[in-house]
Amino acid sequence: MSEHRRLGAEALLDLVAEAFKAEIAPALPADKRYLAAMIGNALDIARREMAVEEEALGFQLLDHFFDDGDGTMQELSRAIRSGEVNDKTNPDLRARLKAHLANELKVRNPRFLGGRGVKG
Amino acid sequence: MADVKDGTGIKAGTALQPDSFAALGAWLASELGAERVAIVEAALLAGGAVQQNWRLDVEVTGGARAGKHVWVLRTDAAASLDVSLDRLSEFRCIEAAHRAGVKVAEPIAASGDGGLIGRPFAVQALVAGTAQGRRIVRDPKLSEFGDSLARELGRELARIHSVRPTAGVLSFLPVPVTNPSRREVAQMRKGLDGASEARPALEYVLSWLDQNAPEPAAITLVHGDFRTGNYMVDGGRLTAVLDWEFCHWGDPREDLGWFIARCWRFGNDDKVAGGIAKLASLLEGYNEIADIKVAASELAYFEVLAASRWAAISLLQGDRFIKGGERSLELALTGLMPPEMEWDALDIIDRLMAKGRVT
């Protein structure tokens, strides 16, 4: 549950997720529990994604390898595969990649980070 | 194969309809050298969104299998991954494993022809127990049976790896001509080239795997999906190894790495062997039978390979929704999982590099 300053999509999703998990899911038959858990999970991911700007998170990574505003995930992937970007050219490469993964996981599965001792 | 305790009635739109029973029975009779095979009852089992699993109660008259039996018929998946085998090829792998003494649901017959019931299918004996990973790792008696089950699984894996690519054995499976781990990397890169999302972290892991691939001591049959969730357990004992559709020739350590990968421990992270036991128990059983012994220190590379493979598969599962139009919430959520496996792979690489064991 989060506090909201305006009655927009994020607030509505928050309420829908809360009502679904508290009142609808427990009333469903056993064979629908897995689907209900997936729906609850999807609502949470959508709600967290609305609170961050995913594209901006991507630029946090890309800006270390390309001029400001240039570069895409495809280009960085190609540069890593070709060996143009590697541990020697960028000694902090793994740390940068992990920082980006941590940002993605804060949206997609914050509990995963908690289980690995990383603050979500 | 789904848990057999959840039978339901026959629904419209499913592959097996009462009017196909007679044709199926006649075909089974001819395959088994019986006078007659009567399908007394057929029930669709739960849990088959992609493929269907049917419980068949049959009566066989004449031949070596005369008598009453309970079998399971699995149809081919309507949509599957490029690397997975069709139902008939998978059946041939199960037969080879069965001959090698591996505990599998006894293979009865298979048809690659879609004409009989609308899809290719395989029939195997019904096996008791559950295959649900979460249920197995959360069993209150796991502390009593976990280590012995892991030893048992280790022995089964060694039996699978005793099957070698000699003349005439599963000749439809390609034998790797290059390093099998590098071949896996090449296959994953090919998959990523067509994916909807670029993943720099996964590319890094694949480059690392390519540069650090160890040479295999032998090329053996590799199950390809040997993990908790893909074997049946009844009363703490293994009853069958399931899901052979990713079977291939390769480095046997690939199966061990897949089994211990963190993503297949179902939250029981301290129980490295599939969330059920310590690694030593799995290797103890394995090395008891295997002619090529494996040490725990050899497996970190294969854990990274496993994590990257599941990351690549997850991405492609998500694309079945994004690009393939399969409206499945499960596929969509699976498609969001790659960062988890990429994180684990980078963690292992960090550890190995800190120890100076790799480049």
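How many salt bridges does the rule find across the interface of chain B and chain A? Eight. Keep in mind that this is a predicted model.

Let me stay with that interface. Chain B brings 29 residues to the contact, and chain A brings 30. Together, the two chains bury about 2700 Å². Carbon and sulfur atoms give 63% of that area.

Now the polar part. One of the salt bridges joins Lys98(A) to Asp350(B). The closest N and O atoms of Lys98(A) and Asp350(B) are 3.1 Å apart. There are also 13 residue pairs in polar contact across the interface of chain B and chain A, counting pairs with both residues at pLDDT 80 or more.

Which helices of chain B carry this? α11(B) gives the most, with eleven residues.

Next, inside chain B. The chain is divided into domain 1, residues 7–125, and domain 2, residues 133–354. The C-alpha centres of these two domains of chain B lie 27 Å apart. In chain B, 20 residues of domain 1 are in contact with 25 residues of domain 2. The area buried between domain 1 and domain 2 of chain B is about 1900 Å². Carbon and sulfur atoms give 67% of it.

How many salt bridges are there between domain 1 of chain B and domain 2 of chain B? Two. Take Glu152(B) and Lys103(B): they form a salt bridge, with the closest N and O atoms 2.8 Å apart. Between the two domains of chain B, eight residue pairs are in polar contact, again with both at pLDDT 80 or more. On the domain 1 side, the largest share of what touches domain 2 comes from helix α2 of chain B, residues 87–99. That helix, α2 of chain B, supplies seven residues.

Last item: the surface of chain A. Leu7(A), Leu12(A) and Leu15(A) make a nonpolar surface patch of about 330 Å². Where does Leu15(A) sit? Leu15(A) is in helix α1 of chain A, residues 9–24.

To recap the interface of chain B and chain A: eight salt bridges, about 2700 Å² buried, and α11(B) as the main giver on the chain B side. Thank you.

Technical notes:
Residues are numbered from 1 along each chain as its sequence is written. Chains are lettered from A and ligands numbered from 1 in the order in which they are written. This is a predicted model: local features need pLDDT of at least 70, side-chain atom pairs count only at pLDDT 80 or more; totals for chains, interfaces and linings use all residues. Side-chain values use heavy atoms; hydrogens and water are left out. Patches are made of residues with over 30% relative accessible area and no salt bridge: like charges are joined within 9 Å, nonpolar side chains (Val, Leu, Ile, Met, Phe, Trp, Tyr) within 5 Å. Accessible areas come from the Shrake-Rupley method with a 1.4 Å probe; for residues, only the protein chains shown count as cover. A salt bridge is a side-chain nitrogen of Lys or Arg within 4 Å of a carboxyl oxygen of Asp or Glu. Helices (H or I, at least four residues) and strands (E, at least two) are DSSP runs, numbered from the N terminus. Domain bounds come from an automatic or database domain assignment. Contact means heavy atoms within 4.5 Å. Buried area is the accessible area (1.4 Å probe) that two parts lose on being put together, summed over both. A polar contact is a pair of N or O atoms within 3.5 Å; within protein, one must be able to donate a hydrogen and the other to accept it, and residues adjacent in sequence count only if both atoms are side-chain atoms.
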